[in-house]
Amino acid sequence: MDWGTDLWDQCDVIDKHTQAGLDLVERYIKFVKERTEIEQSYAKQLRSLSKKYTKKGAKEEQECRFSNHAAFQDILNELGDYAGQRELIAENMMTSVCVELTKYLQDIKQERKSHLSDAKKAQQTLESSFKHLESTKKRFAKEWAEAEKASQHAEKIESDVNASKIDVDKAKQHLHARTHMAEECRNDYAALLQNYNKEQKSHYFAEIPQIFNKLQDMDERRIRRLADGYCQFSDIEKKVQPIIAKCLDGISAAGAKIDEKQDSLLFIEQHKSGFERPGDVDFEDYTLGIKAASSDSSLNPPKVRAKLWPFNWKQKTSHADKHRPPAAEDFSHLPPEQRKKRLQAKIDDISKKLNRAQEESEALEKMKGVYEHNPEMGNPSTLEPQITETAHSIGHLKGELTKYETWLSEAVGGDECINNNNTPLTVENNQNNQNIYSEFDDDFDDVETPVGQCTALYTFEGNSEGTISITEGELLSVMEEDKGDGWMRVTRASGEEGFIPSSYIKRSS
């Protein structure tokens, strides 16, 4: 069964049916657009929520050392990745469903218009032939009526005894002319009728069925394409379900890795003062001084017990304390344990700065040597101010390092200083580190250095501007971290660079 055979006389019905199908495609496109707007709004709200509760600053970083605080930050990070997947769903729905279906809808509208136009033209052609046939038929009827009149007139003249031979011959000639004209009209009418019947048969058994069958094929293709669009609505979300599941698993893992005992130990380590607990309070017998003179009692007032550290801790004074720098610099205002930690942290910071200064000094010396051997590359004297300034900075940092090491040695009672990071307090061990200025190219070009490495967990097709495609398991170089929008800039081994979703990769340790 097909439209051309069974619906040959239902052109108007076919017109309305195909238009309703196009209207449905248009409604579905609008529906998906509204769904993408909901997804984008949801993702935006999730990102705002994550950003609102993400802590920043030194105080928050200190708190994040506790597993329960760190777990909450992990949850917020996973929530940001989850929001990124919702954005990806919205983007894919817009490109794969809305954009593609809109293009298809325009094409199928044009195709439908062409088919209906062909059907209309065929119908108009048949109607024009029928009108011409009717006109020829009327002419034949008129001419035949005139021939009948001429025949009757000729018979009347011939039967009239008073009519002359000339009148009789004239009437017969007129009859003959009319009869000949009527026969010609009859033949024309018969020929046109035969042609019309042939044209009508071709119209209803060939042309119209062919056009209606094309409309049927178009409508079935429209239905199949719409069905694929329905499936895409689900498949697009299914594709990101594994990543969404990983985000949710990450949230569960963040809760599972909380260690309340470790948090308690860390809290103790951070805040223990190192003081001994106070001893028993001595009994002071005031009766022993009842008989003493008032002047004597004023010379020997009763002993008052000093306040303990939590209220007013006061260090014992010594000869070294007289020459001690301000409290804020050597942290002498802190309890012993906390003071040692702060001093060690200060030493580590100065050591890092000293390492960088020494590397810069070595680089400047090497650059000066290059300039001396190749004057065309630069003037060595222009580096002297930088070399002098770096040397002054190294001397100052070494003095600071010695000063803080002395205070740390004093804080631990003169014993060897223990570095919290299990590294020596000196900076000489870093002399063998690779120097970033050890090699020079002819043009001294600036090269962007990757901030890390990562591995692709999933395949990603970079169809948008600024993105690149990656394959599962591919090793990538991270050039720019995620700034909170769910995307990061990476470079492939081939040198291709662009943005990918942050949740599609795993950072290398």
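Me: Which residue in E3 is the bridge partner of Ser-477?
Reply: That's Thr-491. Keep in mind that we're looking at a predicted model.

Me: And how many bridges join E2 to E3?
Reply: There are 3, between E2 (residues 475-480) and E3, and the two strands run antiparallel. They make a hairpin with 6 residues between them. Gly-484 sits in that turn with a positive phi of about 105 degrees.

Me: What about the hairpin of E3 and E4, how many residues are between the strands?
Reply: 5 there, and Gly-495 takes a positive phi near 100 degrees. E3 and E4 are antiparallel and joined by 5 bridges. In that pairing, Arg-489 stands opposite Phe-499 of E4.

Me: Is E3 mostly buried or exposed?
Reply: Buried: 4 of the 5 residues of E3 (487-491) are, so the strand is largely enclosed by the rest of the structure.

Me: What's the strand order in the sheet?
Reply: E4-E3-E2-E1-E5, an open sheet of 5 strands with antiparallel pairing. E4 (497-501) and E5 (505-507) are the edge strands, each pairing on one side only. From one strand to the next, the twist averages 45 degrees.

Me: Switching to helices: at what angle do H4 and H5 cross?
Reply: Roughly 175 degrees, with the axes coming within 7 Å. H4 covers residues 67-159 and H5 covers 165-256. The two are therefore roughly antiparallel.

Me: What kinds of residues make that contact?
Reply: The contact of H4 with H5 has 46 nonpolar, 17 polar and 27 charged residues.

Conventions:
Residues numbered from 1 in each chain as written. Predicted model: local features only at pLDDT ≥ 70, side-chain atom pairs only at ≥ 80, totals over all residues. Heavy atoms only, no water. Axes fitted to C-alpha atoms, helices over the stretch in contact; angles between N-to-C directions. Parallel < 35°, antiparallel > 145°, perpendicular 65-115°, else oblique. Nonpolar A, V, L, I, M, F, W, Y, C, P; charged D, E, K, R; others polar. Pairing = 2+ DSSP bridges. Buried < 20%, exposed > 50% of the residue type's maximum accessible area, 1.4 Å probe, protein only.
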